[in-house]
Amino acid sequence: MPNERKTEPAMTASTEGPVRTRRGETSLLVHVSMAHLVSHFHIMTLPALIPLLPGYLGVSFVEVGVALAVFNLVSLVVQTPIGFLTDRFGARRMLVGGLMLGSASFLSVALFDSYPWLLVAMAAAGFANGVYHPADYALLSSGIDEDRMGRAFSIHTFAGFLGTAIAPAVLLGIASLTSVKMAFATAGLLGLAVAALLLTGSSRPSAAKSRVPASPAGGRSGLFTPAVMTLTALFMLLNLSTAGIQNFSVAAFVAGYGVDLALANLALTVFLFSSAFGVLAGGTLADRTSRHGHLTAGAFLATALLVSIIALVRLPPVALVLLMAAAGFLSGVITPSRDMLVRAAAPPGAEGRVFGIVSTGFNIGGAVGPLLFAGLLDHGYPQGVFGTAVVFMLLTVALALYQERGRTTR
C-alpha cells in the first residue's frame with residue numbers, strides 16, 4: 001500500500017527523514033535533467049554547425065544529412081532494446097555509459113576531421129542517444145514521489161529543450177571565435193562533465209524514495225498496442241515537423257530569404273528558447289485538462305499557421321524573430337500533453353519501455369527528415385523547408401485528434 005512507505009523506520013526515525021527524501025528527489029531530478037540537457041545539446045551539435053560543415057569538410061548538405069540520418073537510424077535500432085537492458089543492468093549505469101559514449105564521439109570528430117569518420121562518430125553518438133529516454137524515465141519513475149511526478153517530467157523536458165536552445169548560439173559562437181573543431185570538443189567535454197557529476201553525486205533513486213516498479217502488464221506483447229503504435233507515428237510526425245526548422249532553418253533563411261547568418265541564428269535561438277518556456281506553460285495547461293490530444297492539436301495548428309506566414313512572406317527582421325518566438329512557444333506547449341498521452345497508453349510499470357518504443361518515432365523522422373530537407377536546399381528550394389514542415393504539422397494535428405478520439409472512446 002502507498003501509505004505503508006511513510007511508516008517505515010527509515011522515513012520516521014527523525015523529522016529529517018522526509019527532508020532527506022525531498023532532497024534526494026531534488027538531487028536526482030537535477031542530475032537526470034542535466035543529462036537530458038546534454039542529450040539535446042548533442043542532438044543539436046551537428047545541426048547547429050550545418051551552415052559551416054560544407055566548407056569545413058568539403059561536402060554537400062545532403063552528405064551532412066546522411067550523417068544525421070545515420071545518427072537517427074542507429075538510435076532507431078537500439079532504443080527499444082536499450083529500454084529492456086535498462087531494466088536489467090540499471091538506469092543510472094546505462095545513463096552514465098551513454099553520456100561517456102556520446103561525449104567520446106564528438107571529441108573524436110574534433111580530432112579526425114574527415115567525412116568518413118564523421119559517419120562513424122554519428123553512429124556511436126546515435127547509440128548513446130538511444131539510452132537517454134529509457135534511462136531518464138526509469139530513474140524518475142523509481143525515485144520521484146507520484147504526487148510530484150508531473151512537475152518532475154515537466155522540468156526534465158524543459159532541461160532538454162534548454163539544451164536544444166543553447167546549442168546553436170554556443171557552438172556557432174565557439175566556431176566563429178576559434179574553430180569548428182573546438183565546437184565539437186565543447187560538446188564532448190560538456191557530456192563528460194555531467195557524467196562525472198552522476199558518478200560522484202547522490203543521484204541514485206534510493207537517495208530519494210525507493211519504489212519497487214509494478215510488473216509490466218502483458219510482457220512485450222502488452223507494450224505494442226494500437227495506441228502505442230499511433231503515438232510512435234505521432235512522435236515521427238512531430239520530429240519531421242519541428243526538426244526541419246531546428247536543423248535547417250538557418251541555412252534556409254540564408255540561402256533563400258536574404259537573411260544574414262547572425263539574424264538567422266538569432267531567429268532559431270529565439271524559437272528554441274521560446275519552445276523551452278512553452279514546455280513549462282504546457283505543463284500547467286496539461287494539468288488542467290484531460291483532453292491532451294485536443295490541446296496538442298490546437299497548439300500545433302496555430303504553429304502551422306505561423307510557420308506558413310514565415311514560408312510565404314519575406315518578413316522584416318523584428319517580425320521574423322517575433323513569429324519564430326511565437327511558433328516556438330506553441331510547439332513547446334504541446335510537449336507535456338504529448339507525454340501524458342504516452343503515459344496513459346503505457347501498461348502499469350512499463351512507462352520507461354513505452355517511452356523507449358514511442359521515441360523510435362523521433363528516430364524514424366530523424367532519419368528521413370535530414371535527407372528530405374537537405375535535398376530541398378541542395379536543389380534550390382529553401383522555402384520548401386518551411387512549407388514541408390507545415391505539411392507535417394497538419395498531419396500531426398490530424399493524428400493527435402485521432403488519438404484523442406480513440407482514447408475517449410476506449
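Visitor: How many aromatic pairs does the structure hold?

Guide: Seven aromatic pairs are present. Please keep in mind that this is a predicted model.

Visitor: How is such a pair described?

Guide: In general, two things describe a pair of aromatic rings: how far apart the centres are and the angle of the planes. Take Phe112 and Trp117 here: their centres are 5.4 Å apart and the planes stand at 65 degrees, an edge-to-face pair. The angle gets that label because planes over 60 degrees apart count as edge-to-face.

Visitor: Are Phe112 and Trp117 buried, exposed or partly exposed, and why?

Guide: Phe112 is partly exposed because its relative accessibility is 46%. Trp117 is also partly exposed, since its relative accessible area is 31%. Another pair is Tyr257 with Phe386, edge-to-face as well, at 5.7 Å centre to centre and with 85 degrees between the planes.

Visitor: Which parts of the chain does the pair of Tyr257 and Phe386 link?

Guide: Distant ones, 129 residues apart. Tyr257 sits in the loop between α9 (226-256) and α10 (261-287), while Phe386 belongs to helix α14 (residues 383-409). Tyr257 and Phe386 are both buried. Ring pairs also bring in Phe253, making a cluster of Phe253, Tyr257 and Phe386.

Visitor: Let us turn to the interior. How should I read a nonpolar core?

Guide: The general idea is that nonpolar side chains tend to be buried together in soluble globular proteins. In this model, the largest nonpolar core has 116 residues. The members that touch the most others are Leu49, Met122, Phe184, Phe253 and Phe386. Helix α9 gives the largest share of this core, 14 residues.

Visitor: What does Leu49 touch, leaving out residues up to four places away in sequence?

Guide: Its partners are Leu171, Leu172, Ala175, Val180, Ala183 and Phe184.

Visitor: Which residues form a nonpolar patch on the surface?

Guide: Met100, Leu189, Leu192 and Leu199 do, with about 360 Å² of accessible area together. Three residues of the patch, its largest share, come from helix α8 (residues 180-200). Met100 has its place in helix α5 (residues 91-111), and Met100 is partly exposed because its relative accessibility is 41%.

Visitor: Stepping back, how many helices and strands are there in the protein?

Guide: There are 14 helices and zero strands. As for burial, 56% of the 410 residues count as buried. The protein exposes about 16500 Å², and carbon and sulfur atoms supply 68% of that area.

Visitor: What share of the contacts with a separation of 6 or more comes from residues 24 or more positions apart?

Guide: Such residues account for 84% of those contacts. The pair of Tyr257 and Phe386, 129 residues apart, is a case you can look up in the model.

Terms used
Residues are numbered from 1 along each chain as its sequence is written. This is a predicted model: local features need pLDDT of at least 70, side-chain atom pairs count only at pLDDT 80 or more; totals for chains, interfaces and linings use all residues. Side-chain values use heavy atoms; hydrogens and water are left out. Rings of Phe, Tyr and Trp (its six-membered ring) pair if their centres lie within 6.5 Å; planes under 30 degrees apart count as stacked, over 60 as edge-to-face and the rest as tilted. Buried means under 20% relative accessible area, exposed over 50%, partly exposed in between (1.4 Å probe, protein chains only). Helices (H or I, at least four residues) and strands (E, at least two) are DSSP runs, numbered from the N terminus. Patches are made of residues with over 30% relative accessible area and no salt bridge: like charges are joined within 9 Å, nonpolar side chains (Val, Leu, Ile, Met, Phe, Trp, Tyr) within 5 Å. Accessible areas come from the Shrake-Rupley method with a 1.4 Å probe; for residues, only the protein chains shown count as cover. A salt bridge is a side-chain nitrogen of Lys or Arg within 4 Å of a carboxyl oxygen of Asp or Glu. A nonpolar core is a set of buried Ala, Val, Leu, Ile, Met, Phe, Trp, Tyr and Cys residues joined through side-chain atoms within 4.5 Å. Contact means heavy atoms within 4.5 Å.
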